[in-house]
Amino acid sequence: LEVTISSQPSIEGINAYYEAVLAYKPFPAWSSAAEKAMEDPKSPMARVLAADCAFCQGDAARAKELLEQLIDDKEKEKWSWRECKYVEAWRSWVLMSDPVGCYNTLAEVVNRHPTDLFAVKRGHIMGLILGDGQKMLDIVETAANVCGKAVPPPRYLHGMWAFGLEQQGCYKDAERIAKEGLAFETTLGPDAWLDHGMAHALYFQGRDRLEDAERFLKERSSTWSKEALHPFLYTHCWWHLALLHCERGNFDDCLAIFDERLWPEGPAGLEQGKDPQVQLNALNLLWRLELRQASILPRWQRVLDGCKGLSLPKDGEKGPLQHSDLLLDILLIRGLCIDAKDSEPLEQFLSATQAHAQEMAKGAAGADGRGDAYGALARHVADIFRSDLPDTADTTERRAKAREGVWALQSQWGCLGGSVEQRGILLEAVKGPVICGEPK
């Protein structure tokens, strides 16, 4: 793929960055590759990737600075069409908070350059942010239609393909594509996102496939290296296995995974938990365990303490990652509902979510009622679970109305982002414990 560049090391850095993102390597690998790409500081592609690297690590100011410089660059007429589209896509995402605009531009890129799996991946992520399985599937199928039958196929294609199919309810097709990808592992190497796609595909095929899903994940777990994988995907793969234990009532095995993999006690857990997606994995599992009456109060507090100053406010100051993930906000509200002694943290954070919802509604981020639905779900979840309310008929009625409110918004649950499986917490809030995505 053509790039405007004058440095061979910079080209190597761009390729390394693509690999780091597609392989879900830890952030230091992203940063190292981005720095190498920036050895040619005039390269538009290097600067877009540097902005991507900064934004994904929570440094929005640096990302915006880089993109604003690109927009004002007087040399842009010399750039390739794809480079201009990359600038346009990241401008939509970072500067305009418009994941739909970003997705649409990336879809243009993939239509013209179907081998650009980095564009596919970022389009995939926009689909996740929007909770839109059709978008996830469409952009990867554009690539798969061109290079999906190559032998071997491009590495990382089948993982995205299987996940997109699963998010659209094509569970058997997703399993078939995942198996196709796994068949090339000897040639291409492991892909944890492909393991993740298979986990989703098996889970939603029902209780008859739970043992298959558990067996598969246990076998694959030896390939999930904490050192080689980004903390999100490392903990997320383990979350999938823990979820199976949780739904089958194997709470000891579930809690062992939580304590050893998702959120260890002490400095290791706090360091890993700096990533908001790690927080999401941990809180999502705790929500389900709490509903099943497992004894987990100290774990709630451990995670919430780790979120303070990041995705939660601390000492009256807004966390730098606060509201970076709307589904995480809902999970944080659930956690803050646990402590009946002090409702102030819950009230403050709930107020912050409402302000954020109103801000979203003013721009592209809140399009199609996304901001309004997010704000309403935050309020309803607080009313369902808050533990500071008296045990009265009025409280019972308030909780019932909140459950009705969550259920009435079911078609808009995707506004929170994430996968169907992750958003299963909302189904549980209304219907009680679920197994394989269905009420127990």
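Me: Buried means under 20% relative accessible area, exposed over 50%, and partly exposed is in between (1.4 Å probe, protein chains only). Which of those is Ser387?
Reply: Ser387 is partly exposed, because its relative accessibility is 32%. Keep in mind that this is a predicted model, where local features need pLDDT of at least 70, side-chain atom pairs count only at pLDDT 80 or more, and totals for chains, interfaces and linings use all residues. Residues are numbered from 1 along each chain as its sequence is written, and side-chain values use heavy atoms, with hydrogens and water left out.

Me: OK, where do I find Ser387?
Reply: Look in the loop between α21 (370–385) and α22 (393–408). Helices here are DSSP runs (H or I, at least four residues), numbered from the N terminus.

Me: And what does Ser387 touch?
Reply: Setting aside residues up to four places away in sequence, Ser387 touches Cys337, Ile338, Asp339 and Ala340. Contact means heavy atoms within 4.5 Å.

Me: How many Å separate Ser387 from Trp30?
Reply: From C-alpha to C-alpha, Ser387 and Trp30 are 42 Å apart, and in sequence they are 357 residues apart.

Me: You mentioned a cysteine there. How many disulfides does the structure hold?
Reply: The count is zero. A disulfide would need a pair of cysteine sulfur atoms within 2.5 Å.

Me: Switching to helices. How do α5 and α6 sit relative to each other, parallel or antiparallel?
Reply: α5 and α6 are roughly antiparallel. The axes of α5 (residues 81–95) and α6 come within 7 Å and cross at roughly 160°. Angles over 145 degrees count as roughly antiparallel and angles under 35 as roughly parallel. Axes are lines fitted to C-alpha atoms, for helices over the stretch in contact, and angles run from 0 to 180 degrees between N-to-C directions.

Me: Which residues of α5 and α6 meet?
Reply: Among them are Trp81, Tyr86, Trp90 and Trp93 in α5, which meet residues including Cys102, Leu106, Val109 and Arg112 in α6.

Me: And how does α6 run against α8, parallel or antiparallel?
Reply: Those two are roughly parallel to each other. The axes of α6 (residues 99–112) and α8 (residues 133–147) come within 9 Å and cross at roughly 15°. The contact is made by Tyr103, Leu106, Ala107, Val110 and Asn111 of α6 and Lys135, Asp138, Ile139, Thr142 and Ala143 of α8. Leu106 of α6 is part of the contact with α8, and also of the contact with α5.

Me: What's the crossing angle for α9 and α10?
Reply: It's roughly 170°, with the axes of α9 (residues 157–167) and α10 (residues 171–182) coming within 8 Å. That makes α9 roughly antiparallel to α10. The residues in contact include His158, Trp161 and Leu165 of α9 and Tyr171, Ile177 and Gly181 of α10.

Me: Last one: is His245 buried or exposed?
Reply: His245 counts as buried, because its relative accessibility is 4%. His245 is found in helix α14 (residues 231–247). Leaving aside neighbours within four places in sequence, His245 is in contact with Glu214, Lys218, Asn250, Asp253, Cys254 and Ile257.

Note on methods: Parallel < 35°, antiparallel > 145°, perpendicular 65-115°, else oblique.
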